[in-house]
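Subject: Handover of a structure and findings

Dear colleague,

Please find below the sequence and structure that I am handing over to you. A description of what was found follows directly after them.

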Amino acid sequence: MELDHAWSDIRRALRATVGERTYGLWLEPLRCVALQNGTLHLTGPPEVCSWAAGRLGAVLHTCAHAVLGPDVTVDVSARPVPQAPPPAAHGPAPGSLNPKYNFEQFVIGPSNRLAHAAALSVAENPAAAYNPLFFYGPPGLGKTHLLHSIGNYVEAFGGGLAVRYTTVEAFTNEFVSSLGGRPTDKDAFKHRFRGVDVLLIDDIQFLEHKAKTEQELFHTFNALYETGSQLVITSDRTPADLAELEERLRERFQSGLVTDIGRPDYATRLTILRKRAAHDGLDIADDALSLIASSVTTNVRALEGALIRVVAYASLTVQPLTSALAQEVIDRLGLRTPAHDPPSIATIQDAVCTHFAISREELLSRSRAQRLAWPRHVAMYLARELTDHSLPVIGREFGGRDHSTVLNACRRAGERLAADPKAYSAVEQLTADLGAPPS
């Protein structure tokens with residue numbers, strides 16, 4: 001992980017943990033100057049450094065551990081710390097891969113099983129099966145974790161294969177910098193990104209509206225593909241939905257395996273927290289982890305962020321990590337604890353079939369008859385609203401339909417609910433029958 005990105009994540013965790021006032025007074029003035037030999041060096045005004053080290057040392061270490069791993073220590077000093085020498089202009093930059101992100105720490109569940117299997121296959125045998133490999137899904141679900149896992153695996157077991165991880169932002173900055181420098185800078189840039197065996201690119205959606213960078217990436221893609229190098233890409237959308245990118249680049253992305261990562265279910269969330277607690281050596285009650293897993297359902301990043309805040313609060317107040325403390329922190333965060341797990345897609349389908357007096361076979365059929373189309377739209381709409389499953393997963397549960405069909409069904413259902421009180425009442429009743437609060 002690049003140091004700037006790691007420090008941004010640490011600052012975000014610090015702000016959430018201590019609140020805006022304390023953060024603004026005693027932590028915002030701190031600057032990260034180096035990560036050397038397992039120590040994160042922070043500096044700032046003398047009076048700030050003294051107070052932060054003495055009164056907020058525990059929370060600094062907790063947040064640093066959450067981002068960089070449990071072996072990192074934090075040093076806060078007003079003395080300048082010498083910067084490490086810059087990396088060579090070729091090969092992977094030291095520290096560009098976060099060792100905390102590996103396959104052992106990745107928790108597999110129904111929402112990411114295919115993505116994990118594809119990532120492991122690519123790591124074990126780059127460019128042999130899925131090239132390019134394209135992951136997509138909302139932020140915070142593990143796409144970056146899989147990228148780093150591939151890179152770390154190849155570096156450890158790839159027999160010397162060269163790996164480079166980059167974000168689109170970093171790629172763009174280096175490209176623009178090379179254009180404004182000496183003629184040799186452009187050649188050095190090309191060598192950095194085309195002279196590798198595995199190129200990992202994060203957040204490709206930010207390439208939209210960057211025409212020159214897009215063109216450079218297109219040529220980089222072609223050069224690597226022709227030499228048999230592996231490309232792995234992440235995005236928050238499918239290639240087809242990256243409408244602002246050139247069609248030729250979208251076609252390249254779609255030429256390999258495109259797979260989604262969805263929201264983790266409760267069992268996966270709880271396993272993530274248990275593994276994280278064991279990895280960080282936390283003595284936290286299992287019912288406290290269960291409470292957090294039940295409360296935070298959006299993504300893995302938010303889930304781990306909640307755990308960080310609970311741990312930091314316990315450290316600051318010198319309290320044990322109990323479910324009561326977890327509940328107190330969750331209440332402070334304004335997170336609602338649901339009374340039960342969300343319904344399954346199958347349960348939603350059964351409820352819709354019963355309500356509309358149709359069979360499951362009719363619901364999943366390809367018939368476009370109105371008496372079947374509307375219930376099908378309702379079932380897909382409820383599956384999206386009441387479960388954590390991604391659109392492709394929902395589509396597969398409805399007779400192998402694609403994500404665009406599900407999206408269209410949800411849109412049409414939403415339009416009818418807004419205009420038809422009878423339809424709204426029916427869906428509200430279905431929602432109540434499924435045990436969820438009415439919308």
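Are α11 and α13 parallel or oblique to each other? To place the answer, please note that the model is a predicted one. Helix α11 covers residues 266-279 and helix α13 covers residues 300-317; their axes come within 11 Å and cross at roughly 45°. An angle under 35 degrees would count as roughly parallel, and the perpendicular class begins at 65. The helices α11 and α13 are therefore oblique to each other.

The helix contacts around α13

The crossing of α11 and α13 is right-handed. On the α11 side, the residues in contact are R269, I272, L273 and R276, and they meet V300, L303, E304 and L307 of α13. Sorted by class, this contact of α11 with α13 holds five nonpolar and three charged residues, and no polar ones.

Helix α13 also packs against helix α12, which spans residues 286-295; the angle is about 140° and the axes are 10 Å apart. This angle makes α12 oblique to α13. Here too the crossing, that of α12 and α13, is right-handed. L289, I292 and A293 of α12 meet L303, A306, L307 and V310 of α13. Seven nonpolar residues make up the contact of α12 with α13, with no polar and no charged ones.

Another helix pair consists of α17 (residues 370-386) and α20 (residues 421-433), whose axes come within 11 Å and cross at roughly 50°. As a result, α17 is oblique to α20. The passage of α17 over α20 is a right-handed crossing. In α17 the contact involves W374, V378, Y381, L382 and L386, which meet A423, V427, L430 and T431 in α20. The class count for α17 with α20 is eight nonpolar residues, one polar and no charged.

Strand β2, residues 39-43, runs parallel to β3 and is joined to β3 by four bridges. Within this pairing, L40 stands opposite V74 of β3.

The five-stranded sheet

A further open sheet is formed by five strands in the order β5-β6-β7-β4-β8, and its pairing is parallel. β5 (163-167) and β8 (257-260) stand at its edges with a single partner strand each, so one side of each lacks a neighbour in the sheet. On average, neighbouring strands of this sheet are turned by 15° against each other, direction ignored. Four bridges connect β4 with strand β7 (residues 230-235) in the parallel sense. Y136 is found opposite S235 of β7. Helix α5 lies across β4, β7 and β8 and runs at about 150° to β4.

The loop between α5 and β4

Two backbone features deserve mention here. A cis peptide bond joins N131 and P132, with omega about 5°. P132 is placed in the loop between α5 (113-124) and β4 (133-136). A127 lies in the loop between α5 and β4 as well. Phi of A127 is near 70°, a positive value in a residue other than glycine.

Salt bridges

The structure holds 13 salt bridges. One of these is formed by E216 with R194, where the closest N and O atoms are 2.9 Å apart. The pair links distant parts of the chain, with E216 in helix α9 (residues 211-226) and R194 in helix α8 (residues 183-194), 22 residues apart.

With kind regards

How values were computed: Residues numbered from 1 in each chain as written. Predicted model: local features only at pLDDT ≥ 70, side-chain atom pairs only at ≥ 80, totals over all residues. Heavy atoms only, no water. Axes fitted to C-alpha atoms, helices over the stretch in contact; angles between N-to-C directions. Helix = DSSP H or I, 4+ residues; strand = E, 2+ residues; numbered from the N terminus. Parallel < 35°, antiparallel > 145°, perpendicular 65-115°, else oblique. Left-handed = near helix turned anticlockwise from the far one by under 90°. Contact = heavy atoms within 4.5 Å. Nonpolar A, V, L, I, M, F, W, Y, C, P; charged D, E, K, R; others polar. Pairing = 2+ DSSP bridges. Salt bridge = Lys/Arg side-chain N within 4 Å of Asp/Glu carboxyl O.
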